[in-house]
Structure formats: C-alpha cells, structure tokens
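Please open the model in your viewer and keep the selection tool at hand. The tour below goes from one selection to the next and says what is found at each stop.

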Amino acid sequence: MNSRIWQRRLMLTLLLAPALLWLLSLIVLPHLQLAILSLRERIAPHVYEPSLAQYRTFFAEPLYWQVFVRTAFISVAATALTLLVAFPIAWVITKVARARASALLFVVCLIPFWVSETVRALGWLILLRQTGVLPALLVKLGLAAVPPELLYHDATILTGLVYTSLLFMVVPLVNSLESLDNSLVEAAYDLGAGGWAILRKIVIPHAAPGITAGCIVVFMLTLGNYLTPNLLGGKNSQWFTELIYSQFIVRFNWEQGAAFGFLLLGLSTAIVAVGLRLSGQRFVDVMRRS
Amino acid sequence: MIASLPRPLWLRAATALYVGAFLIFLFVPLVTVAVFAFNDANYPAPPWHGFTLDWFVADGTKGRVGLFHDAEVLSSLWTSLVVAVWVTALSLLVGSANAFLMERYRFPGKQALSVLMLTPLVIPGVILGISILSLSSRVAELADDLFGWDLDFLRPGLPLVVFGQFSYIATIATLMISARLKRFDQTLEEAALNLGASHAAVLRTITFPYLRPALIGCSAISFLMSFENFNTTLMLVGSDSPLTIMMYGRMREGASPVLNAVSLFLMLASAGLALTLLRGSSRASRPSQPAAT
C-alpha cells in the first residue's frame, strides 16, 4: 500500500516538472526580468540604477502616449466592428441555414484563417495599393480619375484588423447561439415582440458569454498585432507594438521597450478585467470557451 | 429571424446579400494572391499580362527566379518546418503531461497552476517575445561573467524561436488534450488493471488509442500555429528567417510574384491539412479551430 502512495507521489512529481519548467522559465521569470528592466535607468555604461524614468518618459513624450491611446481606440473600434460583422453570420449559421448549408458555411468561414496572416496581408496589399486591383477597378468604372491610394489610411488598418479577427468572433458566437432554444424566439414572436425586442431581450442576454469571450480575444489580438497595422498602415500606422519593436530591436533601448511592454500588458489585462466584470464571468471559463 | 418563423421577402434577400458580401470579403484577398501567382509580369499588380508558371519554375535564366529555384525561399521554408516540428513535439509532450496532471491528480496550488497555464494566451505575442529575449540574454550574460561559458543558444536564433512559440502553444495543447481526457471513462483502465494488465499495457492499449484523435488534431494545430507565428518570432529571430519573417521582409521591399507562388503553396497545404482534420474530427467531435497567435 505504502509503495503505491510513493509511486503516485513520484508520478505527480514527474508530471509537475515539465509544467513548472515551462511556466517558470518561459513565462514567470521572463516577465520578472522584463519588470526589472523597465524599472531601471542607465546612468553610465554598465551602471544601472532603479528608477521610474522609463515610465516618466512615456508620459512626458506626447508621441508615445498618443500612439498608445490611438492603438487602444482603434482596437476598441476594430472589436466593435468585428462583432457587428460577425453576429449576423453567426446567426445565419445557427438559426437560419438548414443543417448542411449551415455546416458548410461554418467550415467556409474557418478556412481563410488556416492561411498565414502574412498571406492575407499580401492579398490586401495587392488589392489596395495604388497600382493594385481595386484602384484600377475604380478608374475603369469611372469612379476615380486617377488610381487612388487606398493603403495607409486608418480605415485600411481597421479593415485589415477586422478581417484578421473575424474567426475569433464567429466561433464563440456560434457556440453560444447554438444553445439558444428556438422556442424562446418563437414564443416571443407569438406574444407580439418585434425583431429588435427579441434581439435585445432574448438573444443578446443569452449570447452574452460568447460575445464577451469573442470581444476579449479579438481585442487582445488586435492590440498585440504587429503585422497587419505595419503592412497596411505603413508609416502612418503608429501602432504601439511597433514602438516596442523599435525600442528593442532597432534602438537597443531595452529598458524603454520593457516599460512599453508592461504598459501594453497592463492595458490588455485591464480591458480583459473590465470585460469580465461587466459580464460577470470567470477568466478560466472564458478562455475555455474561446 | 429564425427559420421556423415567417420571414418577409426583403429579409430573405438581405440575408442572402449579406452572406454573399461576407464570403466575397473573406475570399477576395486570397483569390487575388492566388491569381497573381500566374501573372506574366515582374510585379504582382494589374493589368493581366498572360499566364505563366515562371514564378514557380523559372531558374533565373530569363531574369526570373521561381519558387523552386529561390534559395532564400526554400531555406526559410525548411527553417519553418524544423521549428514547427520541434514546437509540435515539445507541445505534445508537455501538453499530455499537463493533461494527466490536471485531470488525474490533486495537489496544493492546483487552482493557481491552472490559471497560470492559461496566462500565455492573454499575453500579447510581442511581449512573450521580448520577455524571453531579455531573460535569455540576462542568463547568457551571467553564464559568461561567472563561468566564462558562451551559451550561443540563448542569443536570438532558432532555439529561442522554438521556445517562444512553445511558450503559448503548450497552453493550447494542454487545453485540447485535457478536454478529451476529461471525457475518458476511467473504469476502462480499472477493468484492464483488474484483469491483470500492467500500467504500461493499459496506457498503450486503452488510454493512448482513446487520446489519439486529440493528439493528432493537436499536432496539426500546433504545427500550423508555429508555422504561421509572426509576432513572437519577430522578436527572437536571428540570422535564419522562418518563412513568415522572410515574406514580411520582402513585402516591405515591394513584393515579387514569387511571394504569391509561395502563398498559393501555403494555402493549398493548409487547406489540405484543414480538410483532412475536419473530416477526421467530424466523425469524432466538433471541428477544430486555430487559436490566438
């Protein structure tokens, strides 16, 4: 009997080891080191001193916090827009289309997201740039005299971000709408409720967990995106991850980059917390769902 | 409005239009990429100059280098494959260990550990990258100062890329394998043990075959996510660029149709993978999905 307990203890230790090794060496310790970096200042070559200088620079330099605020706003807008675009599709998949068509539509929605984001960005580049497909089409249709430059606008960045995020909204929405009992909608209709009232009083409350999960994931991914804003926005993109990249890799000012990293992480965590609080859900459940 | 309720004609028409527009929005960028892989021009832009396979097969004699003769493309493809194989293997191993740990054992701190295991999904990829970069260079510095060791694998390069991608793909592997293990009927194992099977035999003949669909699905998704990862990789990459980084670099210089050819190749490969997986999992369970990058 005793040996079985020991055997179980040994197995537990063996199974704990990889988990702890993974989480400590790749998640916990790296972030501690990043925190230390962000909280020090270089006063001479190889001489550092604890200070809040990196965070002070962020608030003192308008460019930095403006880019931060801008990134946050565009991410919120992209999340809202993704929800608006994805919701009708999720509704069609779960409630309107017949079984076969619905399964087909769902799979068709998933397929583009098996392709790398780089490829999708390349597609938008070829479509939108001044020598691209869409400007040429506009000229041909007589809608523009000269090919307009469609890249490098905020609207372009927004389009690209919504495109990249759709899947992460459609899947949780479909999952939560699937469990909505059709008879509830029918009952409301029979009792004289209009489409708007049904949406507001029945559908949205029921789908709230899915909506929250989708919004949280999309917001986080958008905030942390680098590729899409950078390629579609060019020099005008002013995305916060680009500042982190340039501090770390281009200017080799790791202290400043680390502080920026923590600010981004803080914003992302704060929004997730607010989202969870508003919808009264637990983090673990939301992540499992999405 | 749902299918069982009367829907006015305008609503039906609007629904159909919306779905149509949505599908066009989804597929136009991909179709464009694919079409311009065959355009007989040096730049992936309209107008159409006629059909060519140059961007796949040209060997440089006409001033064009196709996908199959472009050394940089081929080597970055190979780099991506190597990285993805390592990440997949590590994620499967650690993910399976975690699944057994979380589903079969009780220990103090389990709740905290399960939350910690999910955190990699909420940390932006760029930050995973820079944090691992700063820790590894700190460790490399220390090893050099204290012992005079030159730990090359801790400098930006492929080992760090593997670790960076693994750091969050392991979470996804854990979730996928746990989900299947949770539904496993443990009395099957007990019955086998009662009938005299050894633990190893039970694992091999009962538990592993049961987990196999999850392990296969999980390998495919880990592989794909590693192959497509950009954010984390960008921060950790050294001189050998994986495919996404190489493509990004070329796209900034102004794309050549070789990139379209590579993209088409990638699309076909991942569509094939996705369809096989969907077909496999529609028998077993729900379709799988790629998760956050």
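This is a predicted model: local features need pLDDT of at least 70, side-chain atom pairs count only at pLDDT 80 or more; totals for chains, interfaces and linings use all residues.

**The hairpin in chain A**

Begin by selecting residues 40-44 of chain A, which form strand β1, together with residues 47-50 of chain A, which form strand β2; the two strands run antiparallel and are joined by four bridges. Within this pair, A:A44 stands opposite A:V47 of β2(A). Two residues lie between the strands of the hairpin, and if you select A:H46 there, you will find that it takes a positive phi near 65°.

**The contact between the chains**

Next, display both chains and look at where they meet, a contact that takes 75 residues from chain A and 77 residues from chain B. On the side of chain B that touches chain A, the largest share comes from helix α1 (residues 9-35) of chain B, which gives twelve residues.

**The largest nonpolar core**

Now turn to the largest nonpolar core, which has 151 residues, and select those with the most contacts inside it, among them A:A90, A:V170, B:I130 and B:A173. Helix α6 (residues 158-182) of chain B gives the most to this core, with 14 residues. For a view of one member's surroundings, centre on A:V170, which, leaving aside its neighbours within four places in sequence, is in contact with A:A86, A:I89, A:A90 and A:C109.

**A cis peptide bond in chain B**

Which kind of peptide bond joins B:P46 and B:P47? Select the two residues and you will see a cis peptide bond, with omega about 0°. B:P47 is found in the loop between α1 and α2 (54-57) of chain B.

**Two positive phi values in chain A**

Finally, return to chain A and select A:Q238, in the loop between α10 (227-233) and α11 (240-250). Phi of A:Q238 is near 45°, a positive value in a residue other than glycine.

Is A:F252 buried or exposed? A:F252 is exposed, because it has 9 other C-beta atoms within 10 Å.

Note on methods. Residues are numbered from 1 along each chain as its sequence is written. Chains are lettered from A and ligands numbered from 1 in the order in which they are written. Two strands pair if DSSP finds at least two bridges between them. Two residues are in contact if their C-beta atoms, placed from the backbone, lie within 7 Å. A nonpolar core is a set of buried Ala, Val, Leu, Ile, Met, Phe, Trp, Tyr and Cys residues joined through C-beta atoms within 7 Å. A residue is buried if 20 or more other C-beta atoms lie within 10 Å of its own, exposed if 12 or fewer, and partly exposed in between; C-beta atoms are placed from the backbone.
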